[in-house]
Amino acid sequence: MLKTKMFLSFSIVSLFIVGITCGIFYYKYTNDIQDQTFSLSSVISKQFSEMVDLYMQNIEELSLAVSISPAVQNGLLDYRRATSSLDKEIIGYKLNPFLFDFSYPKPYVQSISIHTPDAYMYDYTKLVEQRPYEPYSAEQLLQFNQSLETKKFLLRPSIGGEGIGEPEQRIVSFIRRINRIPTQQVIGFVNININVNAIKALELAKNKDNEFDSSMSMLLVDEQGEIIYDNKNGINASVIQKFDLNLFQNGLSEGELVWKNKRYFYSYEFSNYTSWKTVVLFPKDIVLLKQKRIQDIILAVGMLTMLLIALVSYILSHQITVPLRKMMLRMSSVELGNFNERMDYKGKNELGKLSRMYNLMLDSISRLIHEVYESKLAEKNAQLSALHAQINPHFLYNTLNIMKSISRLRGIEEVAEISESLAGLFQYSMKNLHHPVTLQREMEHISNYYKIQQHRFGKRLGQLDVDISESLQQAQILKLTIQPLIENAVDHGLQKMKSGGCIQVKAEEHEGNLLVSVTDNGAGIQASRLQSLQTALHSTSALHGLHDAVDGIGLLNIHQRLQLYYGPGSGLTISSTLGGGTKVIVTMPLRLVEQEEADGTR
């Protein structure tokens, strides 16, 4: 049924469109979530890395101030000259106030120690009761010195520096050489222990209620993969954890990895200053959970949309098919011959228009039945009248020939000549009006016409002056193109002359065109009338109607016929002076009849 087909068609098409739309939206939204995740993690890692660099630059400035301090320089030189342990201890008491001055204003500095090349240490710590602290050995200091040949400083993560009774803490040791001024001889090392807890203050403000911020992990990893800072797993661990740098996908700065049996989206920023990597991890399941939520929303919206579309499709199909079913029942009744059935649907939509048209059609059929019945009777009478009214043009042509023969037999030559000329006119005009003829054939027709006019006007008309070369006799021309111009010259130009009326017809070739001029010596045309004619000729073309079609074919009719057949550039040109005669020039392409016939046989 039409109703079922419409309902199913609307539903299937709508399901397809909604499905494609939801699929594209889901795909784009999930990709956007991942892109936003990578973008956010990239921004966080970059900003945190820059802040750590600034933090370490501050430490570097502090270490430089310690290394070039006169008190430290002089103390190390005194150490080299000291011969007893007591002298060495006295140097430590002298250095202690200066180390206090350097470390006290810096809350992130836990302790500062000075190491001599032979592993003797002077240190200051902010801890009240410090656990025993093992100084660097001579071998370690030698290794530090070798590493510092290519670097300004060393950063070593370690566990220690805590006070008695306090949990172990993670620290970072900042180590640089102390060079003697001005010889740059290495006379010691400065070691600044930084509490990693201070790095936590560098974290950007986060919203704990936000799933991304609360689940995000941020790590500081050194060149060996040791985790210096971990915001999620605590910074007071007693063991320094490792991070496998091979987890990064082909060295890409962002991607997906598995760490501690859990999948993460990662982004890292490498610091050329500290050689550390700032790694930001987002759990993939959190991202997928957000994707799942949007998926559920899209499915719910899609199902609701489908239900609405199905309901609307059903209502529309019902509204369309019910009136059509009623119309089918009435049409079945009309098919049986009951023409009184009418539709009563009053809507203003297409069905309402169809119902009204159906009712009008039945009215027209009923009316036509009566009209056809009545016209049958009138048709028979009309046929009889038509048979009586028919006049065959050939009958008139044959009658003129009979008149010509009888006139010659009885010696009435003038009547015979008029009959012969009139018969020629009828024969020329009766058929193939739109077919071109030769200029010679047109002139023969003009000759017959002019003979009749000479008999009519007598001495008012002189002989027709024809100047056409033999080469142009076979030029192609439309029938009845020149004759109307002769007729206009006789009826308008020479009408008021009593004698000596003259008409000249001349043909010539000019730039591939045939120019035929008709000139009379009559009264001419008034300037206003001439201007009106020229304007009418200029505005008349194949795309415009005739402006003047009275008194025969008319000049504008000839002009339009020429343009229709030969195209733009063809037509009439009129020139005249009042009392000085009129000249009309016909312009058309020069085509010889023999050439046209030859072209047609190729």
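User: Let's start with Phe153: is it buried or exposed?

Analyst: Phe153 is buried, at a relative accessible area of 9%. Buried means under 20% relative accessible area, exposed over 50%, and partly exposed in between (1.4 Å probe, protein chains only). One note first: this is a predicted model, where local features need pLDDT of at least 70 and side-chain atom pairs count only at pLDDT 80 or more, while totals for chains, interfaces and linings use all residues. Residues are numbered from 1 along each chain as its sequence is written, and side-chain values use heavy atoms, with hydrogens and water left out.

User: Thanks! How many aromatic pairs does a search of the whole structure find?

Analyst: The search gives 15 aromatic pairs. Rings of Phe, Tyr and Trp (its six-membered ring) pair if their centres lie within 6.5 Å; planes under 30 degrees apart count as stacked, over 60 as edge-to-face and the rest as tilted. One of the pairs is Phe153 with Tyr273, whose ring centres are 5.4 Å apart with planes at 55°, so this pair is tilted.

User: Where do Phe153 and Tyr273 lie?

Analyst: Phe153 is in the loop between helix 4 (138-147) and strand 3 (154-159), and Tyr273 is in the loop between strand 9 (262-270) and strand 10 (277-283), so the pair ties together parts 120 residues apart in sequence. Helices (H or I, at least four residues) and strands (E, at least two) are DSSP runs, numbered from the N terminus. Tyr273 is partly exposed, at 24% relative accessible area.

User: And what about Tyr565 and Tyr566, how are their rings placed?

Analyst: Their centres are 4.8 Å apart and their planes at 80°, so that pair is edge-to-face. Tyr565 is partly exposed at 36% relative accessibility, whereas Tyr566 is buried at 10%.

User: Which residues do ring pairs link into a cluster?

Analyst: Tyr79, Tyr120 and Tyr122. Tyr120 also has the charged end of Lys88 over its ring, 5.6 Å from the centre. That label needs NZ of Lys or CZ of Arg within 6 Å of the ring centre and within 35 degrees of the ring normal.

User: New topic: what is Lys459 in contact with, leaving aside neighbours within four places in sequence?

Analyst: Lys459 touches Lys498, Ser499 and Gly500 (contact means heavy atoms within 4.5 Å). Lys459 and Gly500 are 41 residues apart in sequence, with 7.2 Å from C-alpha to C-alpha.

User: Where does Lys459 lie?

Analyst: In the loop between helix 11 (439-457) and strand 12 (461-467). Lys459 counts as exposed, at 70% relative accessibility.
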